[in-house]
Amino acid sequence: MPEKTDVWQGTLALMVLKTLDTLGPLHGYGIARRIEQTSGNLLSLNYGTLYPALLKLEQEGSISSEWGSSENNRKAKFYKLTRAGRKQLEREAQNWEQTTAILARFLSPSGGAA
Amino acid sequence: MKTLRAWFLRIGGLFSKAGRESDLSDEIESHLQLHIDDNLRAGMSPDLARRNALLKLGGIEPLKEACRDRRSVPFIQNLLRDVRFALRQLQKNPGFTATAILMLALGMCASIAIFAFVDAALLKPLPYRDPARLLGVFESTPTDRQTSDLSYPDYLDWKKLNSAFSSLDAYQHSAFGLSTSSGAEKASGARVTDGFFRTLGVTPVIGRDFHPGEDLPGAPRTALLSYATWQQRYGSKPDVLGKTVTLNGEPTVIIGVLHREFHFPPAEPAEFWTALHAASECDLRRSCHFLYSVGRLKEGVSMQAALADLQSIASRLEKLYPGSNRDQGANVMPLSEVIVGNIRPILLVLLSGAVLLLIIAAVNVASLLLVRSESRRREIAVRHALGASTARLLSQFVAEGLVLVAAGSALGVAAASVVMKLLVKLIPADALASMSYLAHIGWNMRMWIFAGLLALLASVLFSLTPAVHLSRSEIQPGLTEGSRSSTGNAWRHLGSKLIVIELATAMVLLVGAGLLGKSLYHLLRVEVGFAADRLLMLQVAAPRSSYANGAQAAAFVRRVLDRIAGLPGVQSVGLTTDIPVSHWGDTTWFRVVGRPWHGEHNDTPERDVSPGYFTTIGAKLLRGRYFLEKEDASKPRVAIV
């Protein structure tokens, strides 16, 4: 079964990590909503795609999960950033910034000549 | 690192499932609830709220499927399912299963067991340092061009004059009279020159090697023990070093024990390895040949160069000593050739036989599988029609083949381990002692690789045969009941080929076995010129120190013969230096009286026998008479041709 392209997978993982970093422990639904809101609703996220990504991150040890109850007393599985996950976030955020900076310079009107 | 951890978890996921599955359902349920709550708060109707939440999530089943695949390894999961299915299928057909597995096990067992011998004799490197540069060095004479032995003076000259070897040493297999508390006992042994073990590049496991010069007559006598002797005679005690044993009446100090893996079949069986001490009349005579030699080639010197070097030395010696060295050249061959040269063809024939047997077994099992796939044609067609992909259908056959091969190999490997040991026991103890490389036969890396390769080939064959067969023939016709004719054709096609292969291999094996049997029959009936039944052989050795001159020896021989002749049940007794139909390379030169001599050199095998010898072995006398009792050293020498 072919997975989604690496870029998309990678970006989604990065968004999840960043969300957990900012908001602390959160359930899948919360993460999905947060990503949607932060993107200013520009990103139409199929919530279903989130769960395999969460599973992968958990298997890789970047996040851990635990059942708890939500603010309105619903049972929900909460995800939390681990120490390894925090490091991964730092690293990938830096990578991402670099990539976008390079691309931005490339695409700027002067064509990178400056 | 991260991916590795993930893979571990996924592989772990193959085995535990139930808990995670419900966990996932719970999580999805809770996700939906949270979303519905939100939607309700936003003012949607309960119905709409639920529909919106479901829509936003996407399909639940694909989601679960994706998580499931993520959680474990789908390929392996499918394979496991196939294997389980294959096991059930095979269980339903115990007759087929047992036959297939047994055939396979038999073929594997034979091949592996024989390969163990091939490995021990031909593949395993000799237990010496840099064995490729070791050469067996021989004299070449008109009667034995390849492997004639040297005399001590010749050896010394070769050692001194050659420029091809960094070291050249010599050995002689011999037997010692070992004096023990319960009387004299025969012990096998070898006499070697001082640098023998250094040339081979082996060091004793305890104690020391011979010092240079320790093999000279003046030096105190010393000996090294073989590991087995150290264990059996001395209980593996380290205080054996420095002990004195009496060998051939000479006190000899034990100075070391050789390694357990050490073997040197040309000089074995050997319990005691003594330094040479060439002192006897024969040792010092240039025409008394008893030594074989082994040399280590210098860096960059080829075998041909070494041979040429030795041959030039031999021809120089021939000119210097025409009385003893006429027609005596030199020959060299790789030491491995000396050690396993005569067993190589036998082993290779056996191995090919075993492999042919395995081929027959494999072809048999393959045709059984083919027949089975034929009978399952309908089932396969139905599954295909229901949407099973070709890959999944094929993997079914692969799984079945794997299960069969796994069971067959396991059984074959187990049987081979037993058969190997049994086969070694079949070799007579004497013969085994001179093939000591077979002593430590057992499993090693090369054998596992060989077994693995066999198993791999078998699995490929077994999974491909039905698969190829199925993909070749149309699957659709299988659905219809009246498809007998087309399937019959396909079967005839492949099946007939298999039968041809099988018949051909069986034929080769049969003919080979028949020829071997015929040779054996001829060998048993060969006319040797004497009556071999009711003959017993006895070897007698006496220390040279007690019977130094000819008269003493002759008296001893007479006493022995008289005592034996006096034993109840003994009809007659004779004595010979070489037993019938074999010779130790004892030769003599002769010229025919009354015929002109043109300088030709007649070298012929010879043996010294007692007067009773010919009557004892029941030889037919064509003309003339046998030796008489009274013909001793005082009478003219006589001979029988």
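User: Which residues does B:Q172 touch, leaving out those up to four places away in sequence?

Analyst: B:Q172 touches B:G189, B:A190, B:R191, B:F290 and B:L291. Contact here means heavy atoms within 4.5 Å. This is a predicted model: local features need pLDDT of at least 70, side-chain atom pairs count only at pLDDT 80 or more, and totals for chains, interfaces and linings use all residues. Residues are numbered from 1 along each chain as its sequence is written, chains are lettered from A and ligands numbered from 1 in the order in which they are written, and side-chain values use heavy atoms, without hydrogens and water.

User: Why is B:Q172 called buried?

Analyst: Buried means under 20% relative accessible area, exposed over 50%, and partly exposed in between (1.4 Å probe, protein chains only). B:Q172 has 16% relative accessibility, so B:Q172 counts as buried.

User: Where in chain B is B:Q172 placed?

Analyst: B:Q172 lies in strand β3 of chain B, residues 165-180. Helices (H or I, at least four residues) and strands (E, at least two) are DSSP runs, numbered from the N terminus.

User: What makes the pair B:D37 and A:R74 a salt bridge?

Analyst: The rule asks for a side-chain nitrogen of Lys or Arg within 4 Å of a carboxyl oxygen of Asp or Glu. The side chains of B:D37 and A:R74 meet at 2.8 Å, N to O. Across the interface of chain B and chain A, the rule finds 5 salt bridges.

User: What is the area buried between chain B and chain A?

Analyst: About 2,600 Å², of which carbon and sulfur atoms give 53%. Buried area is the accessible area (1.4 Å probe) that two parts lose on being put together, summed over both.

User: How many helices and strands does chain A have, and in what order do they run?

Analyst: Chain A has 4 helices and 3 strands. From the N terminus on, the order is α-β-α-α-β-β-α. Buried residues make up 38% of the 114 residues in chain A.
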